[in-house]
Amino acid sequence: MSVLEMNHIKKSFDGNEILKDISFKVDEGDVISIIGPSGSGKSTLLRCATFLETIDDGELSYLGEQVVGSQDGKAVYGEKAKIKKAMECFGLVFQNFNLFPHYSVLKNIIDAPIRVQKRKKEEVISEARELLKKMGLEGREDAYPCQLSGGQQQRVSIARALALKPKILFFDEPTSALDPELTIEILKVIKELAKEKMTMVIVTHEMDFAKNVSSKMIFMDKGLIVEETTPEEMFNSTNKRTMEFLGKYKNVK
Amino acid sequence: MNIIDIILQLADGMMVTIMIFVLTLIFSIPLGLVVTTGRMSKNPLIRTIVKVYISIMRGTPLMLQLLVVYYGPYYLFKCKLSPEYRGIAVIIGFSINYAAYFAEIFRSGISSMPVGQYEAAKILGYNKIQTFFFIILPQVIKRILPAITNEVITLVKDTSLAFSIAYAEMFSGAKALAAAEKSMLPFVAAAIFYYVFNFAVATIMELFEEKLNYYDI
């Protein structure tokens, strides 16, 4: 059973087709990197999968449960309870963190598990401290987001997402707002999660990292999936567009 | 009569002024939140009605609004006005007027919030009400506090407009006393009272602002 399955996803903004016909699935333990030029629809795809945008047409399932179906060329969303259940399956790490600035680091992490999932406070706090330790943020639980570096903020936001125990974690260009040094901090954390068999979908421009960490890579261009394969094959692809995109990257190196 | 005597004589009126001030804040701030909700509603009819309401409240003098609230029921519905209604009319008039101003301040604060905060809350599973009261509103309050302080200080001085429907707050007392004593001193006492009152208000609001300085947006 797939954790996530998307079939024939279409999405336009003001008549501008951003996603033309996207199908892919994520199995448990998969680490999938989505690469591609800006404007290719990578982020929109994640935003459709996470209900931040509504799909125009196509099907979306989480853990084998269909949440969005397709009828007469239009997407039909399931009832609220179904969507809510689907939304509990995943976490999302944003490009610009979106931490709650008025909450301390600890409160950022524990508030949703306590308020939304109604879990026991003591239990959630001790789990949050474990997560902070894992993120290398021991002792920073009383700090506020504005007192942290970008890399630290992003690590808090990863901890915040993990605290809800998602089945799958999405990353929307998690390092694009960070300098190279801080980028490495985050990539290390994601690599660590991959080792623990966390199911992840990562939209990224970090090619080396994507090659390194992914079990599968997806190359998107102009709203379509050009290629979907293992990192080795992706980097040795004979597809013209893939070669062009990755070739430009290799040239810089 | 020296200034101390005058202040003592005006003490009852001062209590009334403070009461108008406090009650107006108690009613107009929550009402302002409701008005903002209407002003930002997805329903165009509700939005338009609220827009017209705000436009009238901001576009006509508060004194005139007080007169309408007080005499309106009599002229429109031939209701007999009880003496208690005078005080109620003052509070209603001030509250609906200030709610309109507060609503616009709230709206500016709410629409200045980055959409990422809503998105993060949605992804974490907060429902709309939780998102508003726990994530958005606390940050909005920090953003709008200086504007609120301005409005609250204006309210202190505006309480004197209650005299237009002959409600015996401090300023009407001061005017009567000035006429009876043929003296400027009651006005001096009134000025001191307003100044001290506003000084206290400004100090308290500053404390609030400092309290919210523990984080940057």
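## Architecture of chain B

From the N terminus on, the elements of chain B run α-α-α-α-α-α-α-α-α. The chain thus described belongs to a predicted model. Chain B holds nine helices and zero strands. Along its principal axes, the C-alpha trace of chain B spans about 70 × 45 × 25 Å.

Of the 217 residues in chain B, 43% are buried. Among contacts in chain B with a separation of 6 or more, 76% join residues 24 or more positions apart.

## A buried asparagine in chain B

Helix H5 of chain B covers residues 83-111 and includes Asn97(B). Asn97(B) counts as buried because its relative accessibility is 3%, and the cut-off for that class is under 20%. Once residues up to four places away in sequence are set aside, Asn97(B) touches Met57(B), Leu62(B) and Gln65(B).

## The interface between chains A and B

The size of an interface is often given as the accessible area lost when the parts come together. For chain B and chain A, the area buried between them is about 2000 Å², with 65% of it on carbon and sulfur atoms. In chain B, the residues that lose the most area to chain A are Ile123(B), Leu124(B) and Tyr214(B), which together account for 33% of what that side buries. In terms of contacts, 19 residues of chain B meet 24 residues of chain A.

Ten residue pairs are in polar contact across the interface of chain B and chain A, both residues of each pair being at pLDDT 80 or more. Two helices of chain B, H6 (115-123) and H7 (128-158), each supply at least two residues of the side that touches chain A. H6(B) provides the largest share of that side, seven residues. By class, the side of chain B that touches chain A comprises eleven nonpolar, five polar and three charged residues.

## Charge pairing at the interface

Side chains of opposite charge can pair when their charged atoms come close. Between chain B and chain A the count is one salt bridge. In that type of pairing, the side chains of Arg47(A) and Glu119(B) meet with an N to O distance of 2.6 Å.

Arg47(A) also meets the side chain of Glu53(A) in a salt bridge, at 3.1 Å from N to O. Glu53(A) counts as buried because its relative accessibility is 18%.

## Salt bridges within chain A

Over all chains, a search of the whole structure finds 18 salt bridges. One of the pairs in chain A is Glu127(A) with Lys165(A), whose closest N and O atoms are 3.2 Å apart. This pair links distant parts of the chain, 38 residues apart: Glu127(A) lies in helix H4 (residues 121-134) of chain A, and Lys165(A) lies in the loop between helix H5 (150-163) and S8 of chain A. Glu127(A) is partly exposed, with a relative accessible area of 25%, and Lys165(A) is likewise classed as partly exposed, at 48% relative accessibility. A network of salt bridges links Arg119(A), Glu123(A), Glu127(A) and Lys165(A).

Asp221(A) forms a salt bridge with Arg241(A), and the closest N and O atoms of this pair are 2.5 Å apart. Here too the pair links distant parts of the chain, 20 residues apart, with Asp221(A) in strand S10 (residues 216-221) of chain A and Arg241(A) in helix H9 (residues 240-252) of chain A. Asp221(A) is buried, with a relative accessible area of 10%, whereas Arg241(A) counts as partly exposed at 23% relative accessibility.

## Strand S8 of chain A

Strand S8 of chain A (residues 168-172) is largely enclosed by the rest of the structure, because five of its five residues are buried. In a regular strand the side chains alternate between the two faces of the sheet. From S8(A), Ile168(A), Phe170(A) and Asp172(A) point one way, Leu169(A) and Phe171(A) point the other way, and all are buried.

S8(A) pairs with strand S7 (residues 90-93) of chain A in the parallel sense over four bridges. In this pairing, Leu92(A) has Phe170(A) of S8(A) as its bridge partner. S8(A) also pairs with strand S9 (residues 199-203) of chain A, in the parallel sense over five bridges. Asp172(A) stands opposite Val203(A) in S9(A).

Technical notes:
Residues are numbered from 1 along each chain as its sequence is written. Chains are lettered from A and ligands numbered from 1 in the order in which they are written. Side-chain values use heavy atoms; hydrogens and water are left out. Contact means heavy atoms within 4.5 Å. Buried area is the accessible area (1.4 Å probe) that two parts lose on being put together, summed over both. A salt bridge is a side-chain nitrogen of Lys or Arg within 4 Å of a carboxyl oxygen of Asp or Glu. A polar contact is a pair of N or O atoms within 3.5 Å; within protein, one must be able to donate a hydrogen and the other to accept it, and residues adjacent in sequence count only if both atoms are side-chain atoms. Ala, Val, Leu, Ile, Met, Phe, Trp, Tyr, Cys and Pro count as nonpolar, Asp, Glu, Lys and Arg as charged, and the others, Gly among them, as polar. Buried means under 20% relative accessible area, exposed over 50%, partly exposed in between (1.4 Å probe, protein chains only). Two strands pair if DSSP finds at least two bridges between them.
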